[in-house]
Amino acid sequence: MSEAANRSRIGVYPGTFDPITNGHLDIIARAARILPRLVIGVAINAGKGPLFPLEERVALVRAETERVAQTSGTEIAVAAFDTLLVEFARSVGATVILRGLRAVSDFDYEFQMAGMNYRLAPDIETVFLMASERHQFISSRFVKEIALLGGDIASFVPTLTRERVLARLGGGAA
């Protein structure tokens, strides 16, 4: 691949990020090693009944990814979207959709989604990154459930996110 083509490669990493977890940050940091520009797409997805409003999720993702951008040299942008993923990818000039896989059970759904996205936009490739072993079991849903039941989420999310989750659930920043 030519130097110019490499510099222009833009990836999109979509999700609801409700909340952003250490697993998400691991995928973002690893993607930053292979992409010169990464756009994190925060999906509205009101059907999931998010804990945080969209604007707060976008702000948290921006805050939590700032250090990754600084240390990697990759340009990281964060934007909300409420369209088809391939349309969002096109709108930001992305040629790569990045997806993280935690377990074999994720693969079936992601495989189907990649096939649909390819049918809609054959010029956009889907790239899968396996979650690191220490993050394979983390999900936003589990983080919220554990926090709601008074469990310690410190090893699953970054500090700022932990504080916001606990405050949102009425538990303070203990």
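Helices (H or I, at least four residues) and strands (E, at least two) are DSSP runs numbered from the N terminus. The structure is a predicted model, in which local features need pLDDT of at least 70 and side-chain atom pairs count only at pLDDT 80 or more, while totals for chains, interfaces and linings use all residues. Residues are numbered from 1 along each chain as its sequence is written, and side-chain values use heavy atoms, with hydrogens and water left out.

L169 counts as partly exposed, at 30% relative accessibility; buried means under 20% relative accessible area, exposed over 50%, and partly exposed in between (1.4 Å probe, protein chains only). Together with L148 and L149, L169 forms a nonpolar surface patch with about 330 Å² of accessible area. Patches are made of residues with over 30% relative accessible area and no salt bridge, like charges being joined within 9 Å and nonpolar side chains (Val, Leu, Ile, Met, Phe, Trp, Tyr) within 5 Å. Accessible areas come from the Shrake-Rupley method with a 1.4 Å probe, and for residues only the protein chains shown count as cover.

## Buried positions

Helix α7 contains V165, which is buried with a relative accessible area of 0%. The C-alpha atoms of V165 and F52 are separated by 8.4 Å, although these residues are 113 apart along the chain.

R9 is located in the loop between α1 (3–8) and β1 (10–15) and is buried, at 17% relative accessible area. A polar atom of the R9 side chain lies 2.6 Å from the backbone oxygen of I34.

## The largest pocket

The largest pocket has a volume of about 1,100 Å³. Of its 42 lining residues, G15, T16, H24, K48 and R99 are the closest to the centre. On a 1 Å grid over the protein atoms alone, a pocket is an open set of points where a 1.4 Å probe fits, with protein on both sides within 12 Å along at least five of seven lines; lining residues have an atom within 4 Å of a point. Grid points are joined across faces, edges and corners, and the volume is the space filled by probe spheres set on the points.

At least two lining residues come from each of β1, α2 (22–32), β4 (96–101), α5 (104–120) and α6 (140–148). Helix α5 gives the most, with seven residues.

## Salt bridges

A salt bridge is a side-chain nitrogen of Lys or Arg within 4 Å of a carboxyl oxygen of Asp or Glu. The count by this rule is nine. One of them joins R37 and E75, whose closest N and O atoms are 2.5 Å apart. This pair links distant parts of the chain, with R37 in strand β2 (residues 37–43) and E75 in strand β3 (residues 75–81), 38 residues apart. Both partners are partly exposed, R37 at 21% relative accessibility and E75 at 45%.

R99 and E110 meet in a salt bridge with an N to O distance of 2.6 Å. Here R99 in strand β4 and E110 in helix α5 are 11 residues apart; E110 is buried, at 7% relative accessible area. Because R90 and E87 are three residues apart in helix α4 (residues 85–91), about one helical turn separates them. R90 is partly exposed at 37% relative accessible area, as is E87 at 40%.

Terms used:
Polar contact = N/O pair within 3.5 Å; in protein donor to acceptor, adjacent residues only side chain to side chain.
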